[in-house]
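Keep the 3D view open while you read.

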There are 2 protein chains.
Amino acid sequence: MLEKVSPEKKLPKGEYGPKLEELGLQLGEVQRRAREEKRPIIILFEGWRGAKRSEIINTLMQNMDARGFDVLSTMELIDVTDRPAFEFFWKNLPGKGEIRVYHRSWYYLRNVHEGQRNKAAKMFGYNHINAFEKVLTDDNYIILKYFLHLSEDEQKKNMTDEDTFGFAIRSKHLTEYGRNEQRADYKKFYEQYDKMLTNTDTNNAPWHVIAADSTKNATIEIMESIIENLTAKLDAGKVDAPVEARTAVKYDALSKIVPYQEMTKEEYKEKLSKYQKKLTKLQVEMYKRGISAVIGFEGWDAGGKGGAIRRLTSGLDPLGYQVFPVASPTAVENNYNYQWRFWIHLPRTGEISIFDRTWYGRLMVERLEGFAKPNEWARAYDEIKEMEKQWVDSGMVVCKFWLQIDKDEQLARFTERQNTPNKQWKITDEDWRNRDKWEAYEEAVNEMLVRTDMEDAPWVIVEGNNKYYARLKVMKTVIDLFEKRLAQK
Amino acid sequence: MLEKVSPEKKLPKGEYGPKLEELGLQLGEVQRRAREEKRPIIILFEGWRGAKRSEIINTLMQNMDARGFDVLSTMELIDVTDRPAFEFFWKNLPGKGEIRVYHRSWYYLRNVHEGQRNKAAKMFGYNHINAFEKVLTDDNYIILKYFLHLSEDEQKKNMTDEDTFGFAIRSKHLTEYGRNEQRADYKKFYEQYDKMLTNTDTNNAPWHVIAADSTKNATIEIMESIIENLTAKLDAGKVDAPVEARTAVKYDALSKIVPYQEMTKEEYKEKLSKYQKKLTKLQVEMYKRGISAVIGFEGWDAGGKGGAIRRLTSGLDPLGYQVFPVASPTAVENNYNYQWRFWIHLPRTGEISIFDRTWYGRLMVERLEGFAKPNEWARAYDEIKEMEKQWVDSGMVVCKFWLQIDKDEQLARFTERQNTPNKQWKITDEDWRNRDKWEAYEEAVNEMLVRTDMEDAPWVIVEGNNKYYARLKVMKTVIDLFEKRLAQK
């Protein structure tokens, strides 16, 4: 792609200032329009060392409307390779109507960490990058990507940055990297950049390569490009991605499950106490090793999620786990892509996040009640697998429980709740309405269980009619998964 | 206070389980009520090493309704002494209708950091603690404080915690502290704790000291206490703190200011460029030294805040500063105390936060338009001074600019905006309405400028009729403040 960089339009002397002001006014207008239309916007900058990224961004900032607009720096990211690849970017995602300028981005993190480059390059592989950008643009995020290109001569000239702010940050937070290498071997980096650009130049998020030998000309060109591209995207409006063609497969994961499994109260009590002690020890081991876990609970209403979670956590120290009850998204959560509210609750290193209902709501209630459009839930199977894969790749234990009861058992539990004064709050009209749609839910659940079951992020179906059995199966499964993971390097 | 700890109510054998369940149901009810009534609640635990805090909290969690309830651990706080004292707790404040349980709290941080105890004890001095708690309870937060007390015998017995989760965390994140000391010198700690409890046992946030030799009895006692105290607070409803008596002083800071000051375009251009270069260098120095800055801008509508900020930042690297435009609070921001939205935007270490309008809105628009009640804005003078003092004490540069123009100049600028197509968005009906209340605003501004001017967090009044002069005065003031701060240790 770098070959095709168009030569810079030279601006006659004295025209830079007025031109900048004119473009700033236009940019302000587009910006206010984007805010009104509630489009979230990412404008990212990558490019050669020495391309004066900071100077260009600052000029941009001087000429933009400061409201709903900020700059994200990835300079201070430390130990990113110990966390799921895109976690930092999910946590710092712009919301609806916000513009975020990325001084550097996920492209930079591909190779910033000296000594960890192989791992970083894998984490931020082109497939992961393209998937991440697609999740967002499919959700009507606008992503503008700028690569600041320098000729070899100019690049060599500009490489003395010891007294800049960026250098001060890097020397404090990062192992120094790239500068000397870039100076020594322009061709090698040229090829690397070219490959990166070619592999990530997608229809939904194309690259704009800008000749940046002259900072002023580059600034003008970028401003013009932002105005032009944002206007085009806003004119096009929000677009529903096409619905993927669906195969007429009948999925089945539940039909062979026998919901009632034998377990006496005596056996339960004895094993419960044993498993609690085991979990107490494992939690310490996991923490010491820095291994985190994400455990999701789904199941029929009154399937016993709450009780299973309480027994699981009874052996854990509250300092190291958190339970996140998931209900319909709040106003704040609706301001972002649907994945956001789960990414921000990932466990800290060595800790455990337990979700009482999960991101799989996308494939059940949101699908069946129409909260997600057909194109949205249809693509969520792949999106969710990519998300969980990133968690697993970062070393986390990931597991999803489906608590299976039959229709009669649900009716018995609903009735009992209805008739017990201090349990009545647990049962609502919505529960009865959902029950009426049992067959539709069953179909969706079957498809979900089959299509999102992964070796390292498995669905575990729990026979739930007998609560004793169900709770112990959950605890035992977690114990086994933790032990298996601890046995790995 | 410790002398008066009442002996434990012994529970007959076999009654613990059923009692726990009964209290859990009651607690669940109070909890749902608190959520409905949108009261934010803090329940904090302090006490002796070995008092089984984790076990008690976990039992609580097992028996509470998981929605809107979580546990905050302060175990991982590192280098807290480099940040403003209560920043961590502001950032992690529960919102309306949320209950947050604090496994340890600000009381713990008084003396956790070996080698930095003097500094920590000052940061979390009793006056600061009481002020922090009062800001919240005045705003109808509910704070329940529990101290788990152990007898000397029991304390010595329980001190082997090497295989617990808490120990694993501490040995990873904190310098080990207190354990050996506590074992060796119960009396010394007894006196320290007693002093702490006595000094922070306030009407608005009293201590509940719990005899914890028997973990089970302590758990029951705590649950009963939470139910009783939350119910009492909820029954009492939200209370408006009384309005403080106000002295009939006429405050004046503005009458002697001459809004127009001479400055030619030539002088402006020359100095602008000089100041930009100076700021570029100072920003690097400040970053290297880890010194942050908070710079606030207030002033009459059309007073030139935006233009002054743009010139100030024109010499700065965007990686190290952020501009926060402050408008009326969003739904999320309204979910917390009014200070919250400023605490969460404090600069990272070595960086600069610039606020375009600030927390002083409390004393101007919120006061005059009735968005804050008389008791709320009347106490905000002290609250704001305490807040800024914490920022300064942590080493930050703090400064507030008031951009002063006269009424004629404002009219001229309003009219020009009205008549310039691409500036019309800058002027609204509200601006004209505010202009009609000039005299009322002037009175409030005078009081604010006098009463919140502090040596290390000064108000700088900027003569604003001549924009050249105003912009340079802002830049020069910041340069001087940075240089002065860099000259200190």
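## Charged pairs and buried spots

Let's start with Arg413(A), which counts as buried, since its relative accessibility is 7%. Keep in mind that this is a predicted model. So who does Arg413(A) form a salt bridge with? The partner is Glu409(A), and the closest N and O atoms are 2.8 Å apart. Both residues sit in helix H17 (residues 407-419) of chain A, 4 residues apart, which is about one turn of the helix. Glu409(A) is partly exposed, because its relative accessibility is 21% and the cut-off for buried is under 20%.

Asp480(A) is partly exposed at 35% relative accessibility, and Lys476(A) is partly exposed at 34%.

Then there's Glu351(A), whose side chain meets that of Arg348(A) in a salt bridge. Glu351(A) is buried, with a relative accessible area of 7%, while Arg348(A) counts as partly exposed at 42%.

| Salt bridge | N to O distance |
|---|---|
| Arg413(A) and Glu409(A) | 2.8 Å |
| Glu351(A) and Arg348(A) | 3.3 Å |

Salt bridges can also join up into a network, as they do for Lys134(A), Asp138(A), Arg379(A) and Glu383(A). Searching the whole structure turns up 64 salt bridges.

Now for a charge without such a partner. Arg485(A), in helix H20 (residues 467-487) of chain A, is buried yet has no salt bridge. How far away is the nearest side chain of opposite charge? That side chain belongs to Asp456(A), and the distance is 8.4 Å. A salt bridge needs the nitrogen and oxygen within 4 Å. Apart from neighbours within four places in sequence, Arg485(A) is in contact with Arg289(A), Ile291(A), Gly395(A) and Val397(A).

Lys119(A) lies in helix H5 (residues 117-123) of chain A and is partly exposed, with a relative accessible area of 37%.

Next, look at a loop. Pro40(A) is found between helix H1 (16-36) and strand S1 (41-47) of chain A. Is Pro40(A) buried or exposed? Pro40(A) is buried, because its relative accessible area is 4%. Leaving aside neighbours within four places in sequence, its contacts include Pro94(A), Gly95(A), Asn140(A) and Tyr141(A). Pro40(A) and Ile143(A) are 103 residues apart in sequence, but their C-alpha atoms are 8.8 Å apart in space.

Helix H2 (residues 53-62) of chain A is largely enclosed by the rest of the structure, because 9 of its 10 residues are buried. Among them are Arg53(A), Ile56(A), Leu60(A) and Met61(A).

Finally, zoom out. Chain A has 20 helices and 10 strands, and its C-alpha trace spans about 85 × 45 × 40 Å along the principal axes. Of its 489 residues, 56% are buried. Among contacts between residues at least 6 apart in sequence, 83% join residues at least 24 apart.

Terms used. Residues are numbered from 1 along each chain as its sequence is written. Chains are lettered from A and ligands numbered from 1 in the order in which they are written. This is a predicted model: local features need pLDDT of at least 70, side-chain atom pairs count only at pLDDT 80 or more; totals for chains, interfaces and linings use all residues. Side-chain values use heavy atoms; hydrogens and water are left out. Helices (H or I, at least four residues) and strands (E, at least two) are DSSP runs, numbered from the N terminus. Buried means under 20% relative accessible area, exposed over 50%, partly exposed in between (1.4 Å probe, protein chains only). Contact means heavy atoms within 4.5 Å. Lys and Arg count as positive and Asp and Glu as negative; His and the chain ends are not counted.
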